[in-house]
Amino acid sequence: MLKLYGGARSRASIVQWYLEELGIDYEFVFLDMQGGEHLQPEYLGINPMGKVPGIVDGDFKLWESGAILIYLSQKYGRASRSVTEEAEICQWVLFANATLGPGLFVESSRDREARRLLSPLDEILGQHSYIIGDEFGVADIAVGSMLIYASLMLNFDFNEYPALKDYLQRIGDRPAFKKTIGARSHS
């Protein structure tokens, strides 16, 4: 059984949300980050950087939330995607982690970056229901989680972006979201 390692308030919640969407059996291994469990030899054998999340799927070990999302999408997601479809998924997962996350969460650049990133996203989501067309997928997990975290952690106001606001409501209503990130945001 796939094992997902994570701690309280970590990006493991993003991976857990996707695992729930995929309907995959998994075991969540909670690491006490305050107690340093992520720095113990057993976990460092999974991720030598000592960060979460990490997964073990059979004999395969992987860390970094974006890499894990892409792996899960390729192994357990919709079969027979083209190289260009896979590249587009990778583009959005990398955008979420490398551009959108820092753009929203780095305070010194937030005022400059937020509008530059959110305006085109609002346009895209004004044209279709999800990041890549009208079918929910891993790109929505990656991008949507950053937007939801900005709302929850920064009280970011999306009123200026009506399509994004509707999108956040749509993904927030998903049962797998409510079971994972949504359940934590209300505790």
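Q: What should I know before I start?
A: This is a predicted model, where local features need pLDDT of at least 70, side-chain atom pairs count only at pLDDT 80 or more, and totals for chains, interfaces and linings use all residues. Residues are numbered from 1 along each chain as its sequence is written, and side-chain values use heavy atoms, with hydrogens and water left out.

Q: Into which domains is the protein chain divided?
A: Domain bounds come from an automatic or database domain assignment. Here they give domain 1 (2–76) and domain 2 (83–173). The centres of the two domains, taken over C-alpha atoms, are 22 Å apart. Their contact (heavy atoms within 4.5 Å) takes 13 residues from domain 1 and 14 residues from domain 2.

Q: How are two packed helices described?
A: By the angle between their axes and the distance between the axes. Helices (H or I, at least four residues) and strands (E, at least two) are DSSP runs, numbered from the N terminus. Axes are lines fitted to C-alpha atoms, for helices over the stretch in contact, and angles run from 0 to 180 degrees between N-to-C directions. Angles under 35 degrees count as roughly parallel, over 145 as roughly antiparallel, 65 to 115 as roughly perpendicular and the rest as oblique.

Q: At what angle do α1 and α3 pack?
A: The angle is about 10°, with the axes 10 Å apart. α1 and α3 are therefore roughly parallel to each other. From α1, I14, V15, Y18, L19 and L22 meet S65, I68, L69, L72, S73 and Y76 of α3. This contact has 9 nonpolar, 2 polar and no charged residues.

Q: At what angle do α4 and α5 cross?
A: Roughly 135°, and their axes come within 6 Å. α4 and α5 are therefore oblique to each other. The residues in contact include W92 and F95 in α4, and L117 and L121 in α5. By class, they divide into 11 nonpolar, 3 polar and 3 charged.

Q: What shows where empty space is left?
A: Rolling a probe the size of a water molecule over the atoms shows it. On a 1 Å grid over the protein atoms alone, a cavity is a set of points where a 1.4 Å probe fits but cannot get out; a pocket is an open set with protein on both sides within 12 Å along at least five of seven lines; lining residues have an atom within 4 Å of a point. Grid points are joined across faces, edges and corners, and a volume is the space filled by probe spheres set on the points.

Q: How much space lies in the largest pocket?
A: About 600 Å³. It has 25 lining residues, and R9, S10, R11, Y149 and M153 are the closest to its centre. α6 gives the largest share of the lining, 4 residues. By class, the lining has 12 nonpolar, 8 polar and 5 charged residues.

Q: Which residues line the largest cavity?
A: They are I14, S65, G66, L69, V93, N97, A142, S145 and M146. α3, α4 and α6 each give two or more residues to this lining. The cavity volume is about 30 Å³. Domain 1 and domain 2 each supply at least three of the lining residues. The lining has 5 nonpolar, 4 polar and no charged residues.

Methods: Ala, Val, Leu, Ile, Met, Phe, Trp, Tyr, Cys and Pro count as nonpolar, Asp, Glu, Lys and Arg as charged, and the others, Gly among them, as polar.
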